[in-house]
Amino acid sequence: MGAIYILEGLLVYLYGFDHNPPHIHVKHGGDEFTITLKERIVEGKARSKHIKMINDFIDTHEKELYELWDKAQRGERITKVLR
(Lines give C-alpha, C1' and ligand atoms only; values in the text may rest on other atoms or scores of the structure.)
Protein backbone atom coordinates (compact mmCIF):
# COMPACT_ATOMS: atom_id res chain seq x y z
CA MET A 1 0.00 0.00 0.00
CA GLY A 2 1.20 3.52 -0.74
CA ALA A 3 1.56 6.28 1.78
CA ILE A 4 -1.70 7.86 2.94
CA TYR A 5 0.11 11.12 3.66
CA ILE A 6 3.49 12.72 3.11
CA LEU A 7 4.54 15.23 5.74
CA GLU A 8 7.78 17.07 4.98
CA GLY A 9 9.41 13.90 3.71
CA LEU A 10 7.83 11.60 6.30
CA LEU A 11 5.80 8.86 4.62
CA VAL A 12 2.76 7.81 6.69
CA TYR A 13 1.27 4.35 6.09
CA LEU A 14 -1.63 2.22 7.29
CA TYR A 15 -1.74 -1.49 6.50
CA GLY A 16 -4.81 -3.65 6.08
CA PHE A 17 -5.47 -6.32 8.68
CA ASP A 18 -2.65 -4.95 10.89
CA HIS A 19 -2.40 -5.86 14.59
CA ASN A 20 -3.92 -3.79 17.38
CA PRO A 21 -3.62 -1.28 18.93
CA PRO A 22 -4.40 1.18 16.13
CA HIS A 23 -1.17 2.72 14.88
CA ILE A 24 0.54 4.23 11.87
CA HIS A 25 3.84 3.37 10.22
CA VAL A 26 6.24 6.19 9.40
CA LYS A 27 9.29 6.06 7.12
CA HIS A 28 11.96 8.68 6.51
CA GLY A 29 15.21 7.76 4.82
CA GLY A 30 16.59 4.79 6.74
CA ASP A 31 14.43 5.47 9.79
CA GLU A 32 11.20 3.57 10.28
CA PHE A 33 8.88 3.59 13.27
CA THR A 34 5.32 2.98 14.38
CA ILE A 35 3.29 5.13 16.74
CA THR A 36 0.02 4.19 18.39
CA LEU A 37 -2.85 6.60 17.86
CA LYS A 38 -4.07 6.72 21.46
CA GLU A 39 -1.09 6.20 23.76
CA ARG A 40 1.50 7.55 21.27
CA ILE A 41 3.89 4.67 21.98
CA VAL A 42 6.79 4.74 19.52
CA GLU A 43 8.58 1.62 18.34
CA GLY A 44 11.52 1.72 15.98
CA LYS A 45 14.10 4.30 14.99
CA ALA A 46 13.07 7.96 14.79
CA ARG A 47 14.39 11.44 15.43
CA SER A 48 12.63 13.41 18.15
CA LYS A 49 11.66 16.18 15.69
CA HIS A 50 9.93 13.57 13.49
CA ILE A 51 8.05 12.16 16.46
CA LYS A 52 6.86 15.67 17.33
CA MET A 53 5.73 16.27 13.75
CA ILE A 54 3.80 12.99 13.70
CA ASN A 55 2.22 13.69 17.12
CA ASP A 56 1.03 17.05 15.79
CA PHE A 57 -0.27 15.29 12.67
CA ILE A 58 -2.19 12.75 14.77
CA ASP A 59 -3.65 15.58 16.90
CA THR A 60 -4.94 17.26 13.75
CA HIS A 61 -6.17 14.13 11.94
CA GLU A 62 -7.08 11.73 14.74
CA LYS A 63 -10.70 11.18 13.67
CA GLU A 64 -9.73 10.52 10.04
CA LEU A 65 -6.92 8.18 11.09
CA TYR A 66 -9.29 6.06 13.18
CA GLU A 67 -11.76 5.94 10.29
CA LEU A 68 -8.98 4.83 7.92
CA TRP A 69 -7.77 2.27 10.48
CA ASP A 70 -11.26 0.73 10.66
CA LYS A 71 -11.55 0.71 6.88
CA ALA A 72 -8.14 -0.97 6.49
CA GLN A 73 -9.05 -3.61 9.08
CA ARG A 74 -12.11 -4.51 7.01
CA GLY A 75 -9.85 -4.94 3.98
CA GLU A 76 -11.27 -1.95 2.16
CA ARG A 77 -9.04 0.07 -0.10
CA ILE A 78 -7.78 3.33 1.31
CA THR A 79 -6.18 6.18 -0.57
CA LYS A 80 -4.41 9.43 0.17
CA VAL A 81 -7.30 11.28 1.69
CA LEU A 82 -5.67 13.29 4.44
CA ARG A 83 -4.67 16.86 3.65
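Author: Let's start with Y66, which is found in helix 1. Helices here are DSSP runs of H or I with at least four residues, strands are runs of E with at least two, and both are numbered from the N terminus. This is a predicted model, in which local features need pLDDT of at least 70 and side-chain atom pairs count only at pLDDT 80 or more, while totals for chains, interfaces and linings use all residues. Residues are numbered from 1 along each chain as its sequence is written, and side-chain values use heavy atoms, with hydrogens and water left out.

Y66 has a relative accessible area of 27%, so it is partly exposed (buried means under 20%, exposed over 50%, and partly exposed in between, with a 1.4 Å probe and protein chains only). Leaving aside residues up to four places away in sequence, Y66 touches P22, L37 and K38; contact means heavy atoms within 4.5 Å. H23 is 43 residues from Y66 along the chain, yet their C-alpha atoms are separated by 8.9 Å.

Five strands form an open sheet in the order 1-2-3-4-5, with antiparallel pairing; two strands pair if DSSP finds at least two bridges between them. Strand 1 and strand 5 (42–44) are the edge strands, each pairing on one side only. From one strand to the next, the twist averages 25°. Helix 1 packs on this sheet and touches strand 1, strand 2 (10–13), strand 3, strand 4 and strand 5, and its direction makes about 55° with that of strand 4. For such angles, axes are lines fitted to C-alpha atoms, for helices over the stretch in contact, and angles run from 0 to 180 degrees between N-to-C directions.

Let's walk across the strands. Strand 1 and strand 2 run antiparallel and are joined by three bridges, and L7 has L10 in strand 2 as its bridge partner. Their hairpin has two residues between the strands, and E8 there takes a positive phi near 45°. Three bridges also join strand 2 to strand 3, where V12 stands opposite V26. Strand 3 (residues 23–28) and strand 4 (residues 31–36) pair over six bridges. One of the residues involved is K27, whose bridge partner in strand 4 is E32.

Which rings pair up? The whole structure holds two aromatic pairs. Rings of Phe, Tyr and Trp (its six-membered ring) pair if their centres lie within 6.5 Å; planes under 30 degrees apart count as stacked, over 60 as edge-to-face and the rest as tilted. Y5 and F57 make a tilted pair, at 4.8 Å centre to centre with 35° between the planes. Because Y5 lies in strand 1 (residues 5–7) and F57 in helix 1 (residues 48–73), this pair ties together parts 52 residues apart in sequence. Both Y5 and F57 are buried. The other pair, Y13 and Y15, is stacked, with 6.0 Å between centres and 10° between planes. Y13 counts as buried because its relative accessibility is 11%, whereas Y15 is partly exposed at 25%.
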